[in-house]
Amino acid sequence: MQLENETVELDRTADESLSSRIARNCLLTRARQISRVLTSIYDDAMRPFGIVAPQFSLLVLIAEFGPISRSDLSRRNHHERSTLTRNLQPLIAQGWVAEGVPASGGRRRPLSLTHEGKTLLNSAASAWSAAQRHATHLLGEGGAHELANIARELPLRLN
C-alpha cells in the first residue's frame, strides 16, 4: 500500500516544475512558517512584559541550566553567536540576566538570572501559559506533542 502511494506522488509530481515540488514539500519552508506563527503568538503574550519570545526562551533556559556559559547556551538552543548576543544584550541591560566574572585564567562568564529576572519569569508565566494553550490549539494536541518530541531528539549544536 505504501509503495502505491509513493508511485502516485511521483506520477503527480512528474508534471510539476521543480520550484512547485520544492514549494509544496520543503520541510525548511514549512518549519520556518510554523516558527514565525508560533513566535508571533508568544511575542504578543510577552510584549506587556517588555520582552520578545526569543528573549523569554533565553530567560527560561538560563533559569533551568544556569549558571551557564554563552557557548553552552548557544549549543543548547541552536543559536548563532551573533543572534544569542543580540537577544542577551537587552536582558543584561535591563538587569534580568547577570554575566559573572571569568574564573581565574578563563574566558567563561557564566550567565544567571538576577532576582529581577526571576520575578519577570514568574510574572510572565501566566501569559506564557495562555500562549502555550493558543499554540497547542493551533497545532492540535498531537502536533504539539510531536513538535516537542522532535525538539527533544535534536542533537546539541557542536559549535
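Helix α4 crosses helix α7 in a left-handed way; a crossing gets that label if the near helix is turned anticlockwise from the far one by less than a right angle, and is right-handed if clockwise. The helices here (H or I, at least four residues), like the strands (E, at least two), are DSSP runs numbered from the N terminus. Helix α4 covers residues 53-65, and its axis lies 11 Å from that of α7, at an angle of about 125°. That makes α4 oblique to α7, since angles under 35 degrees count as roughly parallel, over 145 as roughly antiparallel, 65 to 115 as roughly perpendicular and the rest as oblique. The axes are lines fitted to C-alpha atoms, for helices over the stretch in contact, and the angles run from 0 to 180 degrees between N-to-C directions.

Before going further, keep in mind that this is a predicted model, where local features need pLDDT of at least 70 and side-chain atom pairs count only at pLDDT 80 or more, while totals for chains, interfaces and linings use all residues. Residues are numbered from 1 along each chain as its sequence is written, and side-chain values use heavy atoms, with hydrogens and water left out.

So who meets whom between these two helices? From α4 come F56, L59, V60 and A63, and from α7 come L120, L121, A124 and W128; contact here means heavy atoms within 4.5 Å.

On the α3 side you'll find I34, V37, L38, I41, Y42, A45 and M46, facing A124, A127, W128, A131, Q132, H134, A135, L138, L139 and L147 of α7. The tally for this contact is 15 nonpolar residues, two polar and no charged.

Take A45, which sits in helix α3. With a relative accessible area of 15%, A45 is buried, where buried means under 20% relative accessible area, exposed over 50%, and partly exposed in between (1.4 Å probe, protein chains only). Setting aside neighbours within four places in sequence, A45 is in contact with A127 and A131. The C-alpha atoms of A45 and W128 are 6.5 Å apart in space, although 83 residues separate the two in sequence. Staying on α7, which also holds T136, we have another buried residue, as T136 has a relative accessible area of 17%. T136 touches E141 and A144, not counting residues up to four places away in sequence.

Now step back to the whole chain. The protein has seven helices and two strands, running α-α-α-α-α-α-β-β-α from the N terminus. Of its 159 residues, 25% are buried. Among contacts with a separation of 6 or more, 54% join residues 24 or more positions apart.

Helix α6 gives us L91, which is buried with a relative accessible area of 0%. Beyond its neighbours within four places in sequence, L91 is in contact with I51, Q55, L58, L59, W96 and V97.

The loops have some details worth a look. Between α4 and α5 lies P67, and the peptide bond from G66 to P67 is cis, with omega near -5°. In the loop between α5 and α6 you'll come to H78, which has a positive phi of about 55° although it is not a glycine. At 37% relative accessibility, H78 counts as partly exposed.

The loop between α5 (70-77) and α6 (81-93) also holds H79, and that histidine counts as buried, at 10% relative accessibility. The side chain of H79 makes a polar contact of 3.2 Å with the side chain of N77. A polar contact is a pair of N or O atoms within 3.5 Å; within protein, one must be able to donate a hydrogen and the other to accept it, and residues adjacent in sequence count only if both atoms are side-chain atoms. Leaving out residues up to four places away in sequence, H79 touches L58, S74, L84, N87 and R157.

Key
Ala, Val, Leu, Ile, Met, Phe, Trp, Tyr, Cys and Pro count as nonpolar, Asp, Glu, Lys and Arg as charged, and the others, Gly among them, as polar.
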